[in-house]
Amino acid sequence: LPQEGEACPSRCPDNSAFKQQRLPAWKPQLTIAAVLSTFFLTGMFCLSVGVCLILSANSVRDFQIDYSDKCSDCSKLRENSSNWNKECHCSVNFTLNEDILV
């Protein structure tokens, strides 16, 4: 900014509170009640999401089917890298003893 009595160059900003960034700003008033309530509300939200995730993960049913001996031809074919473009189909039929709940 130019000194007192000097002319302001054409690129000099106006001497207003907005242009000189002297506007009052809002500052949060942090009280113990506000901080603790926000902390506990956030904690309760995270706890409820965690409980929901644990309950949904516990309801997952896992079935393991060993097909390594039935598809050994495909693994032998893939041992040689020159067979990368040859097709190999492997299928295993199975039945489930229990219904899967959706």
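Guide: Cys52 counts as exposed, because its relative accessibility is 53%. Here exposed means over 50% relative accessible area, buried means under 20%, and partly exposed is in between, with a 1.4 Å probe and protein chains only. The model is predicted, so local features need pLDDT of at least 70 and side-chain atom pairs count only at pLDDT 80 or more, while totals for chains, interfaces and linings use all residues. Residues are numbered from 1 along each chain as its sequence is written, and side-chain values use heavy atoms, with hydrogens and water left out.

Cys52 sits in helix 1. Helices (H or I, at least four residues) and strands (E, at least two) are DSSP runs numbered from the N terminus. In the unreviewed UniProt entry, residues 32-55 are listed as "transmembrane region"; UniProt positions follow the numbering used here, feature names are shortened, and annotations may be inferred rather than shown by experiment. Over residues 32-55 the model is 100% helix and 0% strand, with 34 Å between the end C-alpha atoms.

As for bonding, a disulfide is a covalent bond between the sulfur atoms of two cysteines. The test used here is a pair of cysteine sulfur atoms within 2.5 Å. The closest cysteine sulfur to that of Cys52 belongs to Cys46 and is 12 Å away, which is too far for a bond. Zero disulfides are found in the whole structure.

Now the surroundings. From Cys52 to Lys86 there are 34 residues along the chain and 46 Å between C-alpha atoms. Thr31, in the segment before helix 1, is partly exposed at 42% relative accessible area. Its C-alpha atom is 68 Å from that of Glu79, 48 residues apart in sequence.

The chain has two helices and zero strands. Its radius of gyration is 35 Å, well over the 13 Å that the globule rule gives for 102 residues, so the chain is more spread out than a compact globule. That radius is taken over C-alpha atoms, and the rule is 2.2 Å times the number of residues to the power 0.38. The C-alpha trace spans about 95 × 50 × 20 Å along its principal axes, and 4% of the 102 residues count as buried.

One salt bridge is found in the whole structure, a salt bridge being a side-chain nitrogen of Lys or Arg within 4 Å of a carboxyl oxygen of Asp or Glu. It joins Arg61 and Glu98 at 2.1 Å, N to O. Arg61 lies in the loop between helix 1 (32-58) and helix 2 and Glu98 in the segment after helix 2, so the pair ties together parts that are 37 residues apart in sequence. Arg61 is exposed, with a relative accessible area of 52%, whereas Glu98 is partly exposed at 40%.
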